[in-house]
Amino acid sequence: DVMINKVILVGNLTKPAELKNTSTGGVIALLNLATNESWVDKNSGEKKTLAQYHRITIFNKLAEVVKKLDLDTGTQLYIEGQLTHRSYDAPNGEKKYVTEVKLGGFGSELKILSKKDNTQTQAPAPQIADAPASITPVSQEEFEDDIPF
């Protein structure tokens, strides 16, 4: 049986990339990506937009690449990864549930489509950071230990 878990997103960062060091000396990159859906209201003819916010967690070599890139608020990214769900216990004992898109294993990809430019020129600066096929995903246990939120 063929089973597929693949998510493709094109959106803008709502804040700069956040980097965390793992207990094993690795790096995890956390991104908050917004995608917008637009439509015209049939009754009013008014254009409406709905934003969806996605949590992206990046591991291994791809996280090291993200560390070197200046991913700031407004950067438009192409993201390809896996949808994951997990839970953890908050310090107050409450169980929290997280849904995120995980990059780091085979088939993960991140491309910069355009950077937010504060100068007058509007030329995008595309950069490509593809994950090598040989990356091994981290274990769920390491994942839980290193991201207590």
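Arginine 55 comes out as partly exposed, at 22% relative accessibility; on this scale buried means under 20% relative accessible area, exposed over 50%, and partly exposed in between, with a 1.4 Å probe and protein chains only. The model is a predicted one, in which local features need pLDDT of at least 70, side-chain atom pairs count only at pLDDT 80 or more, and totals for chains, interfaces and linings use all residues. Residues are numbered from 1 along each chain as its sequence is written, and side-chain values rest on heavy atoms, with hydrogens and water left out.

The side chain of arginine 55 pairs up with that of glutamate 100 in a salt bridge, 2.6 Å from N to O. The term covers a side-chain nitrogen of Lys or Arg within 4 Å of a carboxyl oxygen of Asp or Glu. Arginine 55 sits in strand 4 (residues 47–58) and glutamate 100 in strand 6 (residues 95–103), so this pair ties together parts 45 residues apart in sequence. Strands here are DSSP runs (E, at least two residues), numbered from the N terminus.

Glutamate 100 itself is buried, at 1% relative accessibility. Put together, Arg55, Arg86 and Glu100 form a salt-bridge network.

Another pair is lysine 20 with glutamate 18, whose closest N and O atoms are 3.4 Å apart. Lysine 20 is partly exposed at 26%, and glutamate 18 is partly exposed at 32%. The overall tally is seven salt bridges.

Note on methods
Helices (H or I, at least four residues) and strands (E, at least two) are DSSP runs, numbered from the N terminus.
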